[in-house]
Amino acid sequence: VPNEHYWGFKERKPYLNKLTYRFIRNTNSLKAALEANSLDATSETGLKLDDVVKLEKRYKDRWNYHYRSGLVWEHIDLRLDTDSELHGGKPNPLEDLRVRRALVMSANRQQLADALLEGKVKVAHSYLPALHYAYHDGQRTYAYDPAAAEKLLDEAGWKKGSDGIRVKDGHRLHLEFGTTAENKIRELVQQVLQQDWQRVGIEVEMKNEPPSVFFGQTTHKRKFKHLAMYAWLLSPVQAGDGLWRGDMIPSKENNWQGQNMAGLRNEEITRLTIDGEKEIDVTKRVQIIKRVQEIYADQLPAIPLYFRVNTSVTSKRLKGWRPTGTLVPISWNSHEWRLEAAQ
């Protein structure tokens, strides 16, 4: 109910006298409540993107559908170093920058956005979203170019064998690709990328695990050999500094602290991110963050896929619903919500 003691109550008195929250634990039950007209809105955590897209296709004019680009960065970490135990004495192909660039250039990320994600998301080119205050729209980007990817692999010494898979010094270009098991969208993304990479001679083996294992051990303790797909959540003002600092690589020595799972070691980016955390002048800070993005795009410790879209569904009579795509709760402007009779 409205709080009469809220500092802006007189100037922005709410239209509604009461808001009722319902906690519905099952997705099918939530959809049923919508269809029964017992809800005026779903929260941005209630239904996934594919659920909302299906509803819109089935009931195009029944509700209002909201898609707002968010701050959750879906990406694939590329391990940049070799672990003697994990790799069993074999070299890690991803230490070669040409192989990393070939991976991103042979991945049809636009197809992923258009086909699997219904065109509701945009391909990411950085670890920062375009709505970030320091986003660098002039940084290096990688277009889908499998021919150029094959040329890079040839230059790196990986030659196609009789079965189409590349070989170098007696080793096949075989990569392990892990993510969270039973995540439908991620597993579909894996399948598409596996096919893309096989076309240029890269053999990919899926190695998915339950989230408790994947996040508790595999990524946290850097037990993945090559590729790990997951997401980071950033705030609108955060710079993602800790992702690329050379002194923030999780290891036994530092008790597995830090978020630089890829293992990028670059003195300039480490110095810049430390300086950026201390810089108060916004103009200087923006320049630092832009330079960090340039180094990231050049060294490619991770393949950027897309930023997730926040979704919600509202009844036609509810007005004033304004998702932000940030961490601000959807109720931030609930004083502006109002109900109007259907026309």
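**Note on a predicted model: cavity, cores and selected residues**

1. Cavity. The count of cavities of 30 Å³ or more comes to one. This is a predicted model, and the remarks below should be read with that in mind. The largest cavity holds about 50 Å³ of space. Its lining consists of Val104, Arg109, His125, Arg140, Thr141, Tyr142, Tyr296, Ala297, Leu300 and Pro304. Sorted by class, six of the lining residues are nonpolar, two are polar and two are charged.

2. Leu300. One of the residues lining the largest cavity is Leu300. Leu300 sits in the loop between α10 and β8, the latter covering residues 302–315. Its phi is near 55°, which is a positive value in a residue other than glycine. Leu300 has a relative accessibility of 2% and therefore counts as buried.

3. Glu182. A positive phi is also found at Glu182, where the angle is about 65° although the residue is not a glycine. Glu182 belongs to the loop that runs between β5 (174–178) and α7 (184–199). Is Glu182 buried or exposed? Glu182 is exposed, because its relative accessible area is 77% and the cut-off for exposed is over 50%.

4. Overall layout. The chain contains 10 helices and 10 strands. Its C-alpha trace spans about 75 × 50 × 35 Å along the principal axes. Of the 343 residues in the chain, 46% are buried. Taking contacts between residues at least 6 apart in sequence, 70% of them join residues at least 24 apart.

5. Largest nonpolar core. In soluble globular proteins, nonpolar side chains tend to be buried together. Here the largest nonpolar core has 67 residues, and the members that touch the most others are Trp73, Ile76, Trp197 and Trp244. Helix α10 (residues 282–299) gives the most to this core, contributing seven residues. A separate core of 11 residues lies apart from it, with Leu30, Leu34, Tyr65 and Val313 among its members.

6. Trp197. Which residues does Trp197 touch, not counting those up to four places away in sequence? They are Ile76, Leu103, Ser106, Ala107, Phe177, Ile202, Val204, Leu227 and Ile303. One of these, Ile76, is named with Trp197 among the core members that touch the most others.

7. Trp337. This residue lies in the loop between β9 (318–319) and β10 (338–339). Trp337 counts as buried because its relative accessibility is 8%, below the 20% cut-off. Leaving aside neighbours within four places in sequence, Trp337 is in contact with Tyr15, Leu16, Leu19, Leu318, Lys319, Gly320, Trp321, Ile330 and Ser331.

8. Val309. Strand β8 holds Val309. With a relative accessibility of 11%, Val309 counts as buried. Its contacts, not counting residues up to four places away in sequence, are Tyr67, Arg68, Ser69, Gly70, Lys120 and Val121. How many residues apart along the chain are Val309 and Asp163? They are 146 residues apart along the chain, and 40 Å separates their C-alpha atoms.

9. Asp51. Helix α2 (residues 49–58) includes Asp51. Why does Asp51 count as buried? Its relative accessibility is 13%, and buried means under 20%. Aside from neighbours within four places in sequence, Asp51 is in contact with Thr27 and Lys31. With Lys31 there is a polar contact, side chain to side chain, at 3.3 Å.

10. Asn108. The loop between α4 (97–105) and α5 (109–116) contains Asn108. At 16% relative accessibility, Asn108 falls in the buried class. Leaving out its neighbours within four places in sequence, Asn108 is in contact with Tyr144 and Asp196.

How values were computed:
Residues numbered from 1 in each chain as written. Predicted model: local features only at pLDDT ≥ 70, side-chain atom pairs only at ≥ 80, totals over all residues. Heavy atoms only, no water. 1 Å grid on protein atoms, 1.4 Å probe; cavity = no way out; pocket = protein on both sides within 12 Å on 5 of 7 lines; lining within 4 Å. Points joined across faces, edges and corners; volume = space filled by probe spheres on them. Nonpolar A, V, L, I, M, F, W, Y, C, P; charged D, E, K, R; others polar. Helix = DSSP H or I, 4+ residues; strand = E, 2+ residues; numbered from the N terminus. Buried < 20%, exposed > 50% of the residue type's maximum accessible area, 1.4 Å probe, protein only. Polar contact = N/O pair within 3.5 Å; in protein donor to acceptor, adjacent residues only side chain to side chain. Contact = heavy atoms within 4.5 Å. Core = buried A, V, L, I, M, F, W, Y, C linked by side-chain atoms within 4.5 Å.
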